[in-house]
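Here is a friendly briefing on how the inside of one protein model is packed. Please have a look at the structure first, and then read on.

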Amino acid sequence: MSRYDPATIEPKWQAAWDKALTFKASDDKTRPKYYVLSMFPYPSGRIHIGHVRNYTMSDVIARYKLASGHNVLHPMGFDAFGMPAENAAMANGGHPKDWTYTNIGDMVEQMKPMGWSFDWSRMFATCDPEYYGQQQALFLDMLEAGLIYRKNAMVNWDPVDMTVLANEQVENGRGWRSGALVERKELTQWFFRISDFSDELLEGLDGLDDWPAKVKLMQANWIGRSRGLQFAFSTVDAPDGFDRIDVYTTRPDTLLGASFVGISPDHPLARVLERDNAEVAAFVADCRRMGTSEEELEKAEKKGLDTGITVRHPFDTSVELPVYIANFILMDYGTGAIFGCPGHDARDHEFAIKYGLPIVESFEPVEGGIDIAAEPFVPQKSEKVRYTRLIAGAEIQTGEEAVDAAVAFCEANGVGQGVTKYRLRDWGLSRQRYWGCPIPVVHCDSCGTVPEAKENLPIELPYDITMDKPGNPLDRHPTWRDCACPSCGAPAVRETDTMDTFVDSSWYYARFTAPRATTPTDLAEADYWMTVDQYVGGIEHAILHLLYSRFFARAMIQTGHLPATSAEPFKALFTQGMVTHAIYQTTSDEGRPVYHYPETVTLKDGNGYLDDGTEVQITPSAKMSKSKNNVVDPVVIVDQYGADTARWFVLSDSPPERDVEWTASGAEAANRHLARVWRTVSEIAQADVPATAEDDALARETHKAIRDVTLGIESFGFNAAIARLYAFTNALTKSRAGTAVKRDAARALAQLMSPMTPHLAEEMWQMLGGDGLIANAPWPVADEAMLVEDSVTLPIQVNGKRRAELTVPADMLKDEIEKLVLAHPAVERALNGAAPKKLIVVPGRIVNVVA
RNA sequence: GCGGGCGUGGUGGAACGGUAGACACAAGCGACUUAAAAUCGCUAGGGCAUGGCCCGUGCGGGUUCGAUUCCCGCCGCCCGCACCA
């Protein structure tokens, strides 16, 4: 008899699906739609096992929804602009475009054998002129709608990648890709007005019931809404135009504890002072030199310089507070100026001690007893405290109550107003790189900055460039850069900055609904397909990509490219865990770590040995890394075991949101199991056994499996669904039921496995004489009548501990059960002749005797 | 520092407040075989006086007839943010 042979059956069924256009999204808009999307990959040239897990998850959903009668859209494309292509070109002398398209071809070739149900007819790469040309059209519409503007600003400069970065792309003061320490630089840049949407983006999170709470929380923190008071101090002896200094505070209740005012080195007043004060100029220059990395900030001393200017306290004009320029005040938060309250702020306390400023108490613990001079008193705002210098409200109140009362009092007395501020800054989109979407504007001597005319789109990247010199090749490409002004026709120059690659991925989900449209979207298509019903991707995009996409959906509604109903582009979000692998390490004579490939290590009783017997040190469940030699290559796995085994394994063993460790033994076991299923089914297909007494039991088992696996898939409990399929397979294999019932059970098994192991499932379906492709077969529905048991086994507890069990007819009355329970020897023994205090019978579940 | 999450056998993990450890890995024993591989079967939380009993879901308390699950306080690990006024 033949064996389970994935190398034969997998290409066969892939060809069958292709031929039948099984996974092409239908134009039939009468069917309910389901849009499932996996985050598209960067075309590095190799798919990795993490992609396999990610795409298998969306594939399970897609195939399940297709079988459940939905018109499914499950597209795939490539996030194809970005630095790696330029780096490769610089290192190896090729062209970023050639490198990228070659990689895309290679990756598609590696993806197809996995059997994912992508609608490949909709595929695009963001570096296709057809895509980025529409992105340029979108840019022009957003520019016209006032959603994009240009300004001179301090920006994050990555000296290695030689480009500007958005705030979201700076991690611990380093570039998110290069890891280089980010510098501050002043440049004229294009910005998206994402901060105008701060409130909406924050409020919108509340409606995202099917997003992980963690992601919503991270976004909420990033947006960072705070409520406070903005008011002005009037100055004494300040330069012209600075008779007031605006400050923002979230603690107006401590205003009477103010002992100084601090301004940012970038504050307009500091800038005026540095012009004719050498001391100020030196100090400010020193501040700007300071890095922004975590370590540096941690170590950096809080430094200030007394400007000699003073301000009057708004509630007691006889009090004058000194104005310091301080290195820890950020110009781009609040007003770039604060009042210092050393009594109730750790940082201000440190500053006050250093410069000998007074420390004034505003409140104390209700029970008293605090030495504000020694240590600042900074309780939670929700805690009740006793105010010793009260602005408004009760003497004893919480910080929150006091802040509200203080804001109201200040407003009533004409001292400032309550305002809401956000931490979220506008998104700088200009990048000084070649391999990105050109920003479609030109600079004309007479007209200024002019949007390119839409009929000139796409503004295509020139191919004839060289990457051998640092910097942006567009800057030194005269025939591309020089152009005619779209407004007056005079000679002008193109903008040579390109767009941040996060722009490309901020609207690709919308483009997939009409990937060949000659406008960014086709509203009718977008109206039918949007929003994405299920999005699957990594948690690492919790802020960047997911926040930008939410902004873009809103911007596209404003510019008429999406229907108003799709402000939230992703209805449900699932963040999958990684696939990890053990690291095997020895130490060289020089003391350096040496990493060994898994195939060179033999495992025995949990220890690993090299061929020569040397024991290796094992780090379990580590992130895969080429330098640690612990990468699993999907291509190798497919050659060895077939795609179905790889798909089955990455879904089993761990909940999908958690990491799963790839082990050779686990993959082998998965493969063995699939071979066992194949064998069992091929036997059943050829058997001819008449009905037996076990028929009913197997039929019931089948319907229970249908119920449990369906529930598992719907709730993303893939590991639990697979565990259930193991159990069902074992039951089927061991059952002595007749062939007719066994065939029904095997057909159900094939269908329940089909989202995970689609090729094997088609093969099983064919062996069992199923109709057409299993991919199109309607999903089985559990028969309620078959789920009802005739008899139930009730555990009997005494005082909450299980002592016995009792099998009774399912419809037995409580009274009867109670009688049987009390007569049970184990219960009699436990009660020892005494009457039970209480008897709890939960029908169909459990009995508890309270002795 | 602030915010969030997680602690269950040798391992990954399962368990609407209702029989803790499903399912799988690793391990051990056995069958088949000249042998090995493959396959199949069995054992398996810990302990003990083993037809039975005791302990057990990080630790300590609480709510409940009943807690891995809910509440409070610790301990440990992981993640996010962080001079944000």
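A residue is called buried when its relative accessible area is under 20%, exposed when it is over 50%, and partly exposed in between (1.4 Å probe, protein chains only). This is a predicted model, in which local features need pLDDT of at least 70, side-chain atom pairs count only at pLDDT 80 or more, and totals for chains, interfaces and linings use all residues. Residues are numbered from 1 along each chain as its sequence is written, chains are lettered from A and ligands numbered from 1 in the order in which they are written, and side-chain values use heavy atoms, with hydrogens and water left out.

**Aromatic pairs**

- Rings of Phe, Tyr and Trp (its six-membered ring) pair if their centres lie within 6.5 Å; planes under 30 degrees apart count as stacked, over 60 as edge-to-face and the rest as tilted.
- The whole structure holds 45 aromatic pairs. In one of them, Phe40 and Tyr508 are stacked, because their ring centres are 3.7 Å apart and their planes lie at 5°.
- Phe40 is in the loop between β1 (33–38) and α2 (49–67) and Tyr508 is in helix α15 (residues 508–511), so this pair ties together parts that are 468 residues apart in sequence. (Helices are DSSP runs of H or I with at least four residues, strands are runs of E with at least two, and both are numbered from the N terminus.)
- Phe40 is buried, at 9% relative accessible area, and Tyr508 is buried too, at 1%.
- Tyr131 and Trp507 also form a stacked pair, with 4.6 Å from centre to centre and 20° between the planes.
- Ring pairs join a cluster whose members include Phe40, Tyr131, Trp507, Tyr508 and Tyr509.

**Nonpolar cores**

- A nonpolar core is a set of buried Ala, Val, Leu, Ile, Met, Phe, Trp, Tyr and Cys residues joined through side-chain atoms within 4.5 Å.
- The largest core has 168 residues, and Tyr509 and Phe552 touch the most other members. Helix α2 gives the most to this core, with 10 residues.
- Leaving aside residues up to four places away in sequence, Phe552 touches several residues, among them Leu138, Trp507 and Tyr509. (Contact means heavy atoms within 4.5 Å.)
- A second, separate core of 35 residues includes Leu229 and Phe283.

- Asp141 lies in helix α5 (residues 129–144) and counts as buried, at 14% relative accessibility.
- Asp141 touches Lys454, Thr559 and His561, not counting residues up to four places away in sequence.
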